[in-house]
Amino acid sequence: MFNLVWGILFMLVHFGLFLLCYRLFGKKGLYSWIGFATVLANIQVTKTIEMPLLVTGGIVMTLGNTIYTSIYMSTDLLNEKYGTQAARQAVWFGFFSMLASLVIMQMTLAFVPQEGDLAQESLQTIFGLLPQIAAGSLCAYFVSQFLDVRVFAYLKRKFPVRNQFWIRINGSTLLSQLVDSLVFCTIAFATEYPFDIWLQIFITTYLFKMIISIASTPVLYWARSFKIKED
């Protein structure tokens, strides 16, 4: 039960820091959030926990879903307040951050550690991603984020009223998160697990992203109301 309660607090802290980042730094804060969120998501995903559920008793899952969903929150808010071009630029910024951190940390791991070194094994665990995991992460981000930007822009034309923001948020995010989960799980796990296990991983991954995305709706409404003075 601790993981469930702590997980809710964990999500609320993410949302609170997201709001604070935008409140303090405006548009630049959203770009910065996307930059470190792409890196933190790939670090958090290396930790596996058991999340208790009232129906099934508990499921095994990885972390990273909350911080990764906040990337969609950032691009949706950029799309809403600053336009499609700003959202696309943010996606490219996030992709570069992910790729650059991957390259730099792989080169870091290649150094021969000193005999008494304490960090190499831990760094290898966190950043020594299997090739298919790294490829899955990069491909899923690239495809789903640009899809999210395009779908949000489409929904903004179809549902332009201010109080229809929830349609634009959830319509774009839930579809793009579905594609993200499908691309990542297929590339990363399709050859590693039997189909039934792969399907379970895919469903639970998407389910938690969906729950977090829906929970983020009032957070984005609040963020949109901020009067930000941009440079």
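This is a predicted model: local features need pLDDT of at least 70, side-chain atom pairs count only at pLDDT 80 or more; totals for chains, interfaces and linings use all residues.
1. Helix α1 supplies the largest share of the lining of the second largest pocket, with 9 residues. At least two residues each come from α1, β1 (48–51), α2 and α7. By residue class, this lining divides into 15 nonpolar, 6 polar and 1 charged.

2. The largest pocket contains about 860 Å³ of space. It is lined by 37 residues, of which Val-45, Thr-62, Phe-184, Phe-189 and Thr-205 are the closest to its centre. Two or more lining residues are given by each of α1 (2–44), β2 (59–62), α2, α4 (120–127), α5 (131–158), α6 (165–189) and α7.

3. Helix α7 gives the most to the lining of the largest pocket, namely 7 residues. The residues of this lining comprise 21 nonpolar, 13 polar and 3 charged.

4. Helices α2 (residues 65–82) and α7 (residues 195–215) pack with their axes 9 Å apart, at an angle of about 55°. Helix α2 is therefore oblique to α7. The crossing of the two helices, α2 and α7, is right-handed.

5. In the contact between these helices, Asn-65, Thr-66, Tyr-68 and Thr-69 of α2 meet Thr-205, Phe-208, Lys-209, Ile-212 and Ser-213 of α7. The contact residues of α2 with α7 divide into 3 nonpolar, 5 polar and 1 charged.

Conventions. Residues are numbered from 1 along each chain as its sequence is written. Side-chain values use heavy atoms; hydrogens and water are left out. Axes are lines fitted to C-alpha atoms, for helices over the stretch in contact, and angles run from 0 to 180 degrees between N-to-C directions. Helices (H or I, at least four residues) and strands (E, at least two) are DSSP runs, numbered from the N terminus. Angles under 35 degrees count as roughly parallel, over 145 as roughly antiparallel, 65 to 115 as roughly perpendicular and the rest as oblique. A crossing is left-handed if the near helix is turned anticlockwise from the far one by less than a right angle, and right-handed if clockwise. Contact means heavy atoms within 4.5 Å. Ala, Val, Leu, Ile, Met, Phe, Trp, Tyr, Cys and Pro count as nonpolar, Asp, Glu, Lys and Arg as charged, and the others, Gly among them, as polar. On a 1 Å grid over the protein atoms alone, a cavity is a set of points where a 1.4 Å probe fits but cannot get out, and a pocket is an open set with protein on both sides within 12 Å along at least five of seven lines; lining residues have an atom within 4 Å of a point. Grid points are joined across faces, edges and corners, and a volume is the space filled by probe spheres set on the points.
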